[in-house]
Amino acid sequence: MKRMSYDEFREQLFSVVEKIKTSIGGDAYFHSQLPCEFDSMLGDAIQHYIIEEPEEVRRLWACSIFSGAYGHFGAYATRGAMIAVREGSVEILMRALIAASIEMRGIDDYRLSFITLSLVHHSAVLLGVDIGGLFQQAEVYSASRGGLKGFLDRSDHDKSIQAMGYHQWDSPAGIIYWPELEQAPAGWRIKP
């Protein structure tokens, strides 16, 4: 993957958000088919963010993310946690974790992201990943300093998806995290 300039990154991100808005509507991405083309597009944007050096450039990029995109990063983090388990991919899980840290920049209280972080954490457990190592590595790329560590400092119970009101469900399409299976988005329960 070749490096992008700051302007190219911003243009790509803007393009993805606009495609989401015009194709399926602003907030509909979260509930759309799992996975979908927008997961790949946002995953690519996050990968470009990861490969940027030095850290100051990443910080500049994170600061440039416009308010309309933060929610999409949060949606990607939730969706990515499930896709990572379905595909057995630690790389996708890392992108989901970084997306959650980017979302934290756009909200007043980073603790609101703990639901998303609990889903990523749960997926890490299912994949047998060293959770401390994963979060430590993600902290290097984190757009919100300290938020990831703040989550890890919680008790095991307080990091669980059950403490956040979620459950793990199995469906024909794969794993789903949702309070009640019947209320989970239909596109998450059926194979594309």
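**Exercise 1.** By class, how many nonpolar, polar and charged residues are in the lining of the largest pocket?

*Ground rules.* This is a predicted model, in which local features need pLDDT of at least 70 and side-chain atom pairs count only at pLDDT 80 or more, while totals for chains, interfaces and linings use all residues. Residues are numbered from 1 along each chain as its sequence is written, and side-chain values use heavy atoms, with hydrogens and water left out.

*Solution.* Start with the lining: 13 residues, of which Phe-30, Gly-74, Thr-78, Glu-103 and Thr-116 lie nearest the centre of the largest pocket. Next, find the elements that give two or more residues: they are α4 (67–87) and α6 (114–127). Of the elements, α4 gives the most, with four residues. Finally, sort by class: seven are nonpolar, five polar and one charged. Here Ala, Val, Leu, Ile, Met, Phe, Trp, Tyr, Cys and Pro count as nonpolar, Asp, Glu, Lys and Arg as charged, and the others, Gly among them, as polar.

**Exercise 2.** Locate the cis peptide bond between Leu-34 and Pro-35.

*Solution.* Go to the loop between α1 (6–24) and α2 (37–51), where Pro-35 is found. Now check omega for the bond joining Leu-34 and Pro-35: the value is about -10°. For context, most peptide bonds are trans.

Technical notes
On a 1 Å grid over the protein atoms alone, a cavity is a set of points where a 1.4 Å probe fits but cannot get out, and a pocket is an open set with protein on both sides within 12 Å along at least five of seven lines; lining residues have an atom within 4 Å of a point.
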